[in-house]
Amino acid sequence: MMRKIYLFLFAINFTLAVSAQVNGSLSVKQMNNDGSNGLIRTYMDSLSSAKNKIFSEAGRKRAAYKGDIFRLARLFLPTTYYKDIVSNAFALKENDAYNKQLLDIYLHRPSLVRVTDDELRGSQTATVDVEMPIQQDVEIVDKVAPSPVESTFSPIEVLIRKPDFWTYKGDYSLQLLQNYVSGNWYKGGESNYSVLSSALLEANYNNKQKVKWDNRLELKFGIQSSKSDSLHSFKTTEDLIRLTSKFGLQATKRWYYSVQFVGYTQFTHSYRSNDPALYSDILAPLNINLSLGMDYTIDWLDHKLKGNIHLAPLAYNIKYTRLKNLAGRLGIEEGKHARHDFGSEFTVDFEWKLMEALTWKTRLYAYATYKRTEFEWENTFKLQFNRYIGAQLFIYPRFDDGVTRDGRRGYWQLREFASIGFQYSF
C-alpha cells in the first residue's frame, strides 16, 4: 500500500510541475480569451480532492480496489487519449468525476494529449508481482582466503638419464655344406661335410668430444670331413681368435692420436691330409702387435662406406709359441718360444655397402721391419637374402717372408671359401 501511495505522490508532483510550466507560458490575455484559466483551476481542484481521498481513511480503503486505483492513476500519468472515456460520454450512464475531467481536457486542451490508448498498450510490458521478498544470506567474516589460481600449464614429467657413450653390435653366421659323390661317378671325387661358424662382437666408446675407444673380437671356426684322409676324421678349415683394441684422442674432426693393440691365435690343432705332423695349435703361434700413430675416420659415399685407416710409424711385434718344435716353421729361432722386433704398421679396415643386400668388408694389414714383411688382406663379400639367410665369399691372400719359403708359391699364401647358410646381425 505504501508503494502505491508513493507512486501517486510522484504523479501529483509531476502533474503540478507540468501545470506550473503551462501557467507560466500562457499570458493572462490568452487565458481570459479561451477559458484555459477555468479549466486549469478545475483540474487543480480535482487533483487536490484526489489527494485528500488518498490520505483519508475512507480513501485508502477504496483505493484497495483495482478499478478505483486505475481511474486515479489516469489523472497523474501523462495525458493520454483513452477510448473508453469517449465511449462512456455517448452512453446513457453518467460519467464519474474522473472521466469528466479527462473528457474536459480532450475537448478544450487537445494539445496536452501526447499518446493514445493503443500506443500505450503496444509499448507496455508484462509485470510479475513478487509474493515473497528475496533475501540474501550474507555471512560476514574477518578475512576471506584468496581463491587459488589455476595454472594454465599441465605438469610434465622429465626423465633425465645419464648419457651412455657405449655402443654394441654383433654379426653371427653358421654355414653348412654337404657334398655326396657316388663311388662310380665318372669324374671321380669324394663325399664330405663341412661346417663354418663365425662371430663378430664390437663394443665401442665415444664421448663425442675427445675420447674414442674401439674394441672388436673376431671368432671363426670351421671343420671338414674327408674319406680320403685315413689319419684324421675331421680337419679344421678355419680357426681364428683375434682381438683388436684401439684408443684414440681427437686431433681434428677426423684424425685421432691412437694406440692400437692386435692379438690373435687359434682354438685347436691343425693338420694336413694324411700327414701326422702338427702344423699349429692354440698359442702356437700367438701374435701380438702394439703400435702408436694416427687414425683417420672414413665416412664416404653418403655413409655407405665407413671405416678407419691406422698409420703407425712405431710398432712393436711379438710372435710366441708354446711348442718349441714349431718354432722354425713359425719364423722363430730354433729352441726359443718368442721373437721380438720393431717396425711400422699400417691397417685399413672398412665396410662398403655396395647394394641393399650386398656388403664388402675388408681388412688390410701390413707390418714391416728391416728384416721381414708381413702382409694380410681379408675380403668378405656377404649377400643377405633375408634377415636370417645369406651367403659369403671369403678371399684371403697373405705374404710373409719370415717363414720358410715354398718352392712353388714363394712367400705368398691364399685361402678362399664360399658358403651359404644362417646369418644374423644386430
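In what sense do E5 and E6 pair, and over how many bridges? I began my entries with this question, working from a predicted model.

**Entry 1: the strands around E6**

I looked up the pairing and found that E5 and E6 run in the antiparallel sense, joined over 15 bridges. For one bridge I noted the residues: Ser 225 has Phe 234, in E6, as its partner. I then turned to E7. E6 pairs with E7 in the antiparallel sense as well, over 10 bridges. Here I recorded that Arg 242 has Tyr 264, in E7, as its bridge partner. I also checked how the chain passes from E6 to E7, and found a hairpin of 4 residues that joins them.

**Entry 2: Gly 248**

Is Gly 248 buried or exposed? I found a relative accessible area of 5%, and because buried means under 20%, Gly 248 counts as buried. I then listed what Gly 248 touches, leaving aside neighbours within four places in sequence. The contacts of Gly 248 are Lys 210, Val 211, Lys 212, Tyr 256, Tyr 257 and Ser 258. I also looked up the separation between Gly 248 and Asn 206, which lie 42 residues apart along the chain. The C-alpha atoms of Gly 248 and Asn 206 are 9.6 Å from each other.

**Entry 3: the second largest pocket**

I then examined the second largest pocket, which holds about 1,600 Å³ of space. Its lining is made up of 39 residues, and those closest to the centre are Ser 280, Arg 329, Arg 398, Gln 413 and Arg 415. Several strands give two or more residues to this lining, among them E5 (211–226), E6 (234–250), E7 (255–265) and E16 (412–425). Which element gives the most to the lining of the second largest pocket? I found that E6 does, with 7 residues.

**Entry 4: helix H7**

Last, I turned to a helix. H7 covers residues 97–108, which makes 12 residues. From the first C-alpha of H7 to the last I noted a reach of 16 Å, close to the 16 Å expected at 1.5 Å a residue. I also looked up which residues of H7 are buried, and recorded Tyr 98, Asn 99, Gln 101, Leu 102, Leu 103, Ile 105 and Tyr 106.

Notes
Residues are numbered from 1 along each chain as its sequence is written. This is a predicted model: local features need pLDDT of at least 70, side-chain atom pairs count only at pLDDT 80 or more; totals for chains, interfaces and linings use all residues. Side-chain values use heavy atoms; hydrogens and water are left out. On a 1 Å grid over the protein atoms alone, a cavity is a set of points where a 1.4 Å probe fits but cannot get out, and a pocket is an open set with protein on both sides within 12 Å along at least five of seven lines; lining residues have an atom within 4 Å of a point. Grid points are joined across faces, edges and corners, and a volume is the space filled by probe spheres set on the points. Two strands pair if DSSP finds at least two bridges between them. Buried means under 20% relative accessible area, exposed over 50%, partly exposed in between (1.4 Å probe, protein chains only). Contact means heavy atoms within 4.5 Å. The expected span of a helix is 1.5 Å times one less than its number of residues.
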